[in-house]
Amino acid sequence: METKALKKAMMTSISEILETMFFMPLEFSENEDLTTIGDSSEEPLLAVALKFEGPISGQFMAVIPNSLAKTLSANLLGLESDQVERAHVEATLREMINMTAGKTFSLYDSQSVFKLDIPEMIDAQMVLGDASSQPTAEIVVVVDTEEASLGFKLIKVD
């Protein structure tokens, strides 16, 4: 796996999807520590994962504070924040990871076919946890928005 090219594709994809689909201005953080996501508050974290297979296989994951997830959902659906329900938030996060992964793999290798599974909500600790027992390669991208930070992780498994 060419990590540098894949990380560039991830960052481009994240930027395009969050800014275009969710109207969310962002900056990429120098920090690559996902455990700092939401650490300044007692707010619950939500996480979503998407398994993929192709020239590389693994999981594409995201972790996000609940309030930011609610804002993204409201922006995508054209609702007021108080109209957003948990089902909206979960559907939005599943769609966000699906769009982000699809765009990432298209930018990374437009000639190959990647099979994307159905995105699923997971426990945030699965994203935040120690990777030492998991992947053979890992890419982490932390994104800062005006409201909060969120993180993306791509892990390659054999």
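Predicted model: local features only at pLDDT ≥ 70, side-chain atom pairs only at ≥ 80, totals over all residues.

Guide: Phe28 stands opposite Val143 in strand E6. Phe28 falls within strand E1, which spans residues 26-28. E1 and E6 pair in the antiparallel sense, over three bridges.

E6 has another partner in strand E7, residues 149-156. The sense is again antiparallel, with eight bridges between E6 and E7. One of the pairs is Val142 with Gly151, the latter being the bridge partner in E7.

As for burial, strand E6 covers residues 137-145, and seven of its nine residues are buried, so the strand is largely enclosed by the rest of the structure. Buried here means under 20% relative accessible area.

The helix contact is that of H2 (residues 66-77) with H3 (residues 86-108). Their axes lie 9 Å apart and the helices pack at an angle of about 80°. Angles of 65 to 115 degrees count as roughly perpendicular, and H2 and H3 are therefore roughly perpendicular to each other. From H2 the contact takes in Asn66, Ala69, Lys70, Leu72, Ser73, Leu76 and Leu77; H3 contributes Arg86, His88, Val89, Thr92, Leu93 and Met96. By class, the residues of this contact are seven nonpolar, four polar and two charged.

Notes:
Residues numbered from 1 in each chain as written. Heavy atoms only, no water. Axes fitted to C-alpha atoms, helices over the stretch in contact; angles between N-to-C directions. Helix = DSSP H or I, 4+ residues; strand = E, 2+ residues; numbered from the N terminus. Parallel < 35°, antiparallel > 145°, perpendicular 65-115°, else oblique. Contact = heavy atoms within 4.5 Å. Nonpolar A, V, L, I, M, F, W, Y, C, P; charged D, E, K, R; others polar. Buried < 20%, exposed > 50% of the residue type's maximum accessible area, 1.4 Å probe, protein only. Pairing = 2+ DSSP bridges.
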